[in-house]
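Subject: Structure for you to look at

Dear colleague,

I am passing on the structure below, together with notes on what was found in it. Please keep the display open while you read, as the notes go residue by residue.

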Amino acid sequence: MTELTSSERQYAAVILVVMAMVGVAMAALGRSDPFGVHGVIVLVYSVGLLFLVLSSFYAPEPRTDRQASYYDDPIKVGIALSMAWAVFGMFMGVWIAAQLAWPTLAFDAAWSTFGRLRPTHTTGVIFGFGGNALIATSFHVVQRTSRARLAGQISPWFVLLGFNLFCILAVTGYVMGVTQSKEYAEAEWYADLWLVVVWVTYFILYLRTLARRKEPHIYVANWYYMAFIVVVAILHIVNNLAVPVSIGHAKSYTIWAGVQDAMVQWWYGHNAVAFFLTSGFLGMMYYYLPKRAGRPIFSYRLSILSFWGITFFYMWAGSHHLHYTALPHWVQNLGMTFSVMLLVPSWASAGNALLTLNGAWHKVRDDATLRFMMVAAVFYGLSTFEGSFLAIRPVNSLSHYTDWTIGHVHAGALGWVAFITFGSLYTLVPALWKRDAMHSAALVEVHFWLALAGTLIYVFAMWNSGIIQGLMWRTYTEDGTLAYSFVDSLIAMYPYYIARAFGGLLFLLGALVACYNIWMTARATPLIAGSQLDLPDRRPATGTAPSPAE
Amino acid sequence: MPELFHRKIERTAIGFVLAIIAAASVGGLVEIAPLFTIHETVEEAPDMRLYTPLELAGRNIYEREGCYACHSQMIRTLRDDVERYGPYSLAVESKYDHPMLWGSKRTGPDLARIGGKYSDLWHVTHLMNPRDVVPESNMPSYRFLARTPLETADFGMQLAAMREVGVPYTDDMIANAARDALGQATPDSDFSAGVVERYGEKTQVSAFDGVATELTEMDALVAYLQVLGRLTDAAYKQTAASEKAPGSQQ
Amino acid sequence: MAVEEIDAATGHATTGHEWNGIKELDIPVPRGVLMFLIITHLFAVIWWFVMPTWPLGTTYTKGLLNTDQRKIVAQKLVEASAERASWSDAISNSSYDEVLSDPRLMDVVKQTGHRLFGDNCAACHGRDGKGGKNYPDLTDHDWIWGGGPEAIAQTITTGVNSSHAESRVSQMPAFGRDEMLDPAQVRTVAAYVHSLGNPTDSTPKTIETIAAGRQVFLTTCAACHGENAKGNSDLGAPNLTDDYWIYGGDLQSIIATIHGGRQGHMPTWDKRLGPLQIKILALYVYSLGLETP
Ligand code: HEM
Ligand code: HEM
Ligand SMILES: [Ca+2]
Ligand SMILES: [Ca+2]
Ligand SMILES: [Cu+2]
């Protein structure tokens, strides 16, 4: 608030009042429909924020030279939100994992059944945890690599808090049974529309900040963040086109039907992986990994090759989710071949990251933060190899519909997405709060091992169960008839479901340790001198080594 | 030198964004657009019928409860899939599905041809608590469905919205939607003849949840489960024509 | 543009740019990556030539192999059934007794039957065939519709109270709900039925009720269940004197049955399973009973 002028505070208040009014209108139109409940949530959320704005409405004006410094407050809040969603999403993950082993853990209520909770997990971790981390780090990276302050005072808040409103609407919707049942796009039409508004603002903000840059060239990390923002917008809009039952109904019918819907859905779904869970996090990696390692990027040309390879090839691969289905065979073949070609740019990125560590391997050994990022690059390479492998039709005939997919997902989601995020946050947090290091290096170390153990247990359990399941479904007796019934395969899954829940629990514990450590870093450690150097107009620091924490 | 050109686009944010959009658009266009122009993508099935209002309501409950998270509705063109679940799924079978529910995970078995496989009573017992009939099951219990009355007031609007997105519901169907929902679940009532008349001889009229006097969400969900795979016979005809093999489901 | 500089650790030049301390090396794309690129692209191009791949307006390239997933699976199914012919013809063409006395064929029946039963019947009758509440035990020698393999096959084919045109029909009327009997009569006849399997019921205190119940039974129930209550398999009316109950043999359950009636629904498998599979299942179910004492 202290960073906003009073006219900006008025502006913010107006936006919030408008949002509150939208909430009231939704509540009135929706009445007993969940749409009305969501109206109330929008209202409460807006009024709560309005209260915050008004409470410091008459606070002193900000420094007049605020444009000469970076805008870091939204980033700090973004990190906090990201960690909160991490705990929520992973707790949901552990809970649903436990439900598959012990089904009575749904406690016989409607809202807590597996089908309703599962999307709260996926949305919570992908959008809540991942999305907030992406927004926060993108704000940080774009400012630092452009040597320019964010091109807006309110819009960063609008993007961040608007995005979180979307996540809240999505997750509360699922437990009430509001869903479009499109994987990773389950939120209903009005939340989708809201996300479009937020995302367009994000896009404009990002582009305007880049336009202000004092560096002649746009750094690789920003290429990835831009691809993430632009392509997710396209995917989101096309996949979510729908007709609501009425303006007071949460329910809508997607305009796509049957086989075309399947293709659009997996064009979206696969590229949500590509541009949300890959591009954005590669942007993160391209900044925080060389920063932390204090090493130059291994090869600029490799960066170019992998960036355009990923941006072009990924968009063709979605049909590998529909092998052997009623989708025409020719589309499946396109998806398969492009998935195989996609491995080259994917491995090029992973290799570029690992080779960047040349000359810094001693740091990897000693510094758990850098080790997080190193392991992330390894898992990135591993899960993309696995992905390309699973995309080959005969392999997919075994793996599809089984836990092998879930193993692959979490090799990517835990090993890559979460590891790179934690590594980046441990680099970013001390820099942002102007501390010289995290509160406790030992706790970073503890987190690292909990996360690694959790990931390995999870992934190995699911590889085992998936392959066993896939094999049992297609095992034939000597007489040429199927050997196992479906329930036979279900019974074989239970030990692995228990192991997975345990691995997930370890991973969740690690995230809790991280929360504590970040909290203590932000609260307790004293400021260090010299941090004022972190300003947009600082001359290029030729000759001086970059500070390890930043 | 390729990177010389790249050096240039690296200097303009707008140019870079346009390049990204160009590179990212091709794949989707080439794979999606032809699905509308290549005629054989969706097979012909003259006998294909529409979901009745009750079945559509059941489908919405199936979505709401996230059954698709554990159950696929897509029998693949693989020997073991066909031998376990029946003829492979055709595109036309989900022609009226907004959205499709093909699924991506089989924690439970495929349901594409579950219609008619079990009795209504079995479905009710199973949904109330799957472990009562399948002790090994990890499926959640859905007891609340049986005690939640089905809201039928907006069924006309539901069908109208489906018509907006291309499903050929008639004015007559839309006007009688709520009544048809009731009729399908109350055999021998005045309303049941109308459903059959509007949706065809093969429409199943039954007291799905076992209680004919009131309409619950259980009625709707079971009605939907019982119609899965039975909107058209096309898949059976297709396999019969293409292979003429005995014991195909062996 | 900043001056080029050499990175000490690798000896390579940087690109000359710097972003908040991050630099890049000007290392060319490694040869291995290019090789890898060529290999994967070669694979893709070959695949495009042999398989259906590229859309062309209203059609698509069919590929040199001119194949398609549907053709492939149809072919596989034909081959599979040919492969099974060695035993499937034998089972199809033999009588039930012949199969029962052929250990080799019975091996197939047990293996195949177990899977078929698991995927189709176990949901109601349990994985071991022992039934459960509302669904009969198939191993107990107490048959409603007759326990020979032919009768079992018939039950499987047409089902009971199913949508099959020749379905077996079984109607236990709802005597209480439809007010054919008053609540007191329901209770007395229930007491009588209960006592059939539990002679200890006939204490001096209840003997009168049971006698009254017997009267009701003879006038109302005997038509289906027989005067001795031993059932009638033509009508699907079960034997009430033994220890096997579909809907529960405690007094409460019996009252519920008489009050609300029962129309057990066993689906027809005529369309879903082929004649061979039904024969295997009938033999399998029959053999379940043979294994249970
Ligand atoms: C070269 C890169 C990759 C390729 C070619 C690829 C390919 C695949 C394939 C073939 C499937 C299985 C589809 C199915 O049988 O249902 C899949 C599923 C999935 N992959 Fe990847 N993958 C890649 C990288 C990644 C990465 C890095 C992540 C990061 C988290 C990821 C996340 C997922 C997810 C979430 C699913 C599950 C989709 C669903 O809901 O069914 N993938 N991927
Ligand atoms: C605490 C650790 C976690 C646990 C215990 C966990 C558990 C689960 C479970 C049980 C499922 C459902 C699997 C099924 O349907 O069979 C699931 C799905 C999924 N999870 Fe997690 N998860 C965890 C962390 C994460 C994280 C950090 C991410 C992403 C960043 C993630 C992304 C996903 C995705 C994308 C799916 C959907 C997969 C699909 O549909 O194929 N999970 N998770
Ligand atoms: Ca949506
Ligand atoms: Ca999935
Ligand atoms: Cu994919």
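Helices are DSSP runs of H or I with at least four residues, strands are DSSP runs of E with at least two, and both are numbered from the N terminus. The model is a predicted one, in which local features need pLDDT of at least 70, side-chain atom pairs count only at pLDDT 80 or more, and totals for chains, interfaces and linings use all residues. Residues are numbered from 1 along each chain as its sequence is written, chains are lettered from A and ligands numbered from 1 in the order in which they are written, and side-chain values use heavy atoms, with hydrogens and water left out.

I begin with ligand 1. In chain A, helix 8 (258-293), helix 10 (329-356), helix 12 (368-390) and helix 14 (403-432) each contribute at least two residues to the shell around this ligand. The shell holds 26 residues, and the closest are Glu183(A), Tyr184(A), Asn396(A), His400(A) and His408(A); a residue is counted here if one of its heavy atoms lies within 4 Å of the ligand. Because the surrounding residues come from chains A and B, the site is shared between chains.

Several polar contacts, meaning pairs of N or O atoms within 3.5 Å, involve oxygen atoms of ligand 1. A polar side-chain atom of Tyr184(A) is 2.5 Å from a ligand oxygen, and for Glu183(A) the corresponding distance is 3.0 Å. From chain B, an N or O atom in the side chain of Ser104(B) lies 3.3 Å from an oxygen atom of ligand 1.

Finally, a backbone detail: His98(B) and Pro99(B) are joined by a cis peptide bond with omega of about -5 degrees, and Pro99(B) sits in the loop between helix 5 and helix 6 of chain B.

Methods: A polar contact is a pair of N or O atoms within 3.5 Å; within protein, one must be able to donate a hydrogen and the other to accept it, and residues adjacent in sequence count only if both atoms are side-chain atoms.
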